[in-house]
Amino acid sequence: MCHLKIENITKKYTTQTALQDVNLEINKGEFVSILGPSGCGKSTLLRVLAGLENVQSGSVYINGKDVTTAAPSKRNFGIVFQSYALFPNLTVAQNIAYGLSGKKFSKAEIREKVLDVIETVNMTEHIHKYPRQLSGGQQQRVALARAIVLNPEFLLLDEPLSALDARVRAHLRREIKNLQKKLGITTIMVTHDQQEALSMADRIIVMNNAVIEQIGTPEEIYKTPKTEFVSDFMGTVNYIDGAYLVSFDQATAV
């Protein structure tokens, strides 16, 4: 049984179809990247998985259970948005602890969990700082820590590195991938960056115009694209017009 499954999902807005009959299966522990150009539907798909968007038709299953109409709080996702959404008036420790405050944890348990996850993302020395005192990369680590402190079943990343410069982005790619492997958490990351998807994902979902063009490993997507869009989107390509040629011997033999 797959960990996460969506069947025939269609999502429409007033004048636009964001997802059209989308089907997808994700296995436990996978790192999957949803890749595509702006407006292709990739962020909408992530929001549907999280329960942040209703759909016109189709179903979402977690471990075989239909959660299509379940609230986000019932789906056990940790989410990191592009903006990080940190509370500016709270310290690093307080931001991370925020999601634990409504749970049945003692103060000692919350402190222990916060300290553990801060160490995991290498932010121990910044524990008492406020978001404005942190770099973009450091804020990203805090957002990741806040997402994983509750031990979610899934980690959803919505273009988490797009606001960072190239050097920090490359470093955090490795950190996020290593963290995902260490925790064994099923991770789904939305990106428009081909290199990001190719270097981090176990499988890539290439989307365009509200549909999935191809699903495969990075090697499959890059070396054996199934559509012209995928081949063009994944890198520089040459198109050669061809014709079927019949030799003289073949022609006379027919």
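**Pockets, cavity and strand pairing**

Lys-113, Asp-116, Val-117, Thr-120, Ile-148, Val-149, Asn-151, Pro-152, Leu-183, Gly-184 and Ile-185 line the second largest pocket of this predicted model. The volume of this pocket is about 220 Å³. Helix H3, which spans residues 107-120, supplies the largest share of its lining, namely four residues. Classified by side chain, the lining of the second largest pocket comprises six nonpolar, three polar and two charged residues.

Two or more lining residues are given by each of strand S6 (77-80) and helix H4 (136-148). Of the elements, S6 makes the greatest contribution to the lining of the largest pocket, with four residues. By class, 13 residues of this lining are nonpolar, four are polar and two are charged.

Rolling a probe the size of a water molecule over the atoms shows where empty space is left. One cavity of 30 Å³ or more is present in the structure, and the volume of the largest cavity is about 30 Å³. Its lining consists of Leu-46, Arg-47, Ala-50, Leu-52, Ile-79, Phe-81, Leu-156 and Asp-158. Helix H1 (42-50) and strand S7 (154-158) are the elements that give two or more residues to this lining, and H1 gives the most, with three residues. The lining of the largest cavity contains six nonpolar residues, no polar residues and two charged residues.

Strand pairing was examined for strand S1. Strand S1 (residues 4-12) runs antiparallel to strand S2 (residues 17-26), and the two are joined by six bridges. Within this pair, Leu-4 of the chain lies opposite Ile-26 in S2. S1 and S2 form a hairpin, with four residues between the two strands. S1 is also joined to strand S4 (residues 57-62) by five bridges, and this pair likewise runs antiparallel. Ser-59 in S4 is the bridge partner of Glu-7.

Notes
Residues numbered from 1 in each chain as written. Predicted model: local features only at pLDDT ≥ 70, side-chain atom pairs only at ≥ 80, totals over all residues. Heavy atoms only, no water. Nonpolar A, V, L, I, M, F, W, Y, C, P; charged D, E, K, R; others polar. 1 Å grid on protein atoms, 1.4 Å probe; cavity = no way out; pocket = protein on both sides within 12 Å on 5 of 7 lines; lining within 4 Å. Points joined across faces, edges and corners; volume = space filled by probe spheres on them. Pairing = 2+ DSSP bridges.
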